[in-house]
Amino acid sequence: MKKTILSAKALCKSFAHNGGQLHILSNIDLDLYKGDFTVIMGASGSGKSTLLYALSGMDRATAGQVFYNEKDLVTAKEKELSVLRHTDFGFIFQQMHLVSNLSLLENVLVSGYLNKNKTAAEVKEHAEKLFTQMNISHIKTHLPSQVSGGEQQRCAIARAVINDPKLLFADEPTGALNRKNTTEVLNLLTELNSEGQSVLMVTHDMKAALRATRLLYLEDGKITGELDLPPYRKDEEKSREMQVNAWLSSLEW
């Protein structure tokens, strides 16, 4: 039986708009499970990124609850959320947000040092191992401006997992990458998931969605479809793509 890692109840998000309220998320109930690679799909404007931010505590929901370790993130204090972001949650974005005047390694170390549960030496050792796994050890002293977008994103992944997060949030992590770099980043995320990393990713890209073990479809702020899949295998990609395409077609994607 799967273990729930995060749970949302009647989650709503709205914004003031033209003197009224624009409703983005409507009473969403959702459980995320340990070890899953969960992917949220949906048309542009369906609320995918808004849902990810509300679930992670990056943005406050208008109503409802988000439980993590029996704590409601909707009502949690900002300091409590900040600690979670440094310890239990990791984040990858479409834009890498690397500090321009720090080397790639320094960008990762800074995040690692925020977690007071490890010594500086332990953080450095872990970062070096991640850079080897991400295949960017040879450029670790380079500035972000001196490497490719794909290499920057691999560094951003290392930064996101340096503190061994219980849940990794990824918002369109391949959206700004070419096909080759997209594949490399997806391979890394798939590898991390196979090692036990729980992932929640938002994407509009079919190739990225194929890496999911659980697909959710968001339409008009509501989850209208769900598809469970076995772990990704390259040799089964064609049949997997046909299955996902058929599912999306049934949802009129």
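This report describes salt bridges in a predicted model.

The count comes to 16 salt bridges.

| Pair | N to O distance |
|---|---|
| Lys-13 and Asp-59 | 3.4 Å |
| Lys-129 and Glu-125 | 3.6 Å |
| Glu-128 and Lys-140 | 3.0 Å |

The side chains of Lys-13 and Asp-59 form a salt bridge. This pair links distant parts of the chain, 46 residues apart: Lys-13 belongs to strand β1 (residues 4-17), while Asp-59 sits in the loop between α1 (48-56) and β4 (63-68). Lys-13 has a relative accessible area of 9% and is therefore buried, because buried means under 20%. Asp-59, at 29% relative accessibility, is partly exposed.

Helix α4 (residues 120-133) holds both Lys-129 and Glu-125, whose side chains meet in a salt bridge. The two residues are 4 apart, so about one helical turn separates them. Lys-129 is exposed, at 53% relative accessibility, and Glu-125 is partly exposed, at 47%.

A salt bridge also joins the side chains of Glu-128 and Lys-140. Glu-128 lies in helix α4 and Lys-140 in the loop between α4 and α5 (149-161), so the pair ties together parts 12 residues apart in sequence. Glu-128 is partly exposed, with a relative accessible area of 21%. Lys-140 is partly exposed too, at 24% relative accessibility.

Elsewhere, a network of salt bridges links Lys-207, Lys-234, Glu-237 and Glu-241.

Note on methods
Residues numbered from 1 in each chain as written. Predicted model: local features only at pLDDT ≥ 70, side-chain atom pairs only at ≥ 80, totals over all residues. Heavy atoms only, no water. Salt bridge = Lys/Arg side-chain N within 4 Å of Asp/Glu carboxyl O. Buried < 20%, exposed > 50% of the residue type's maximum accessible area, 1.4 Å probe, protein only.
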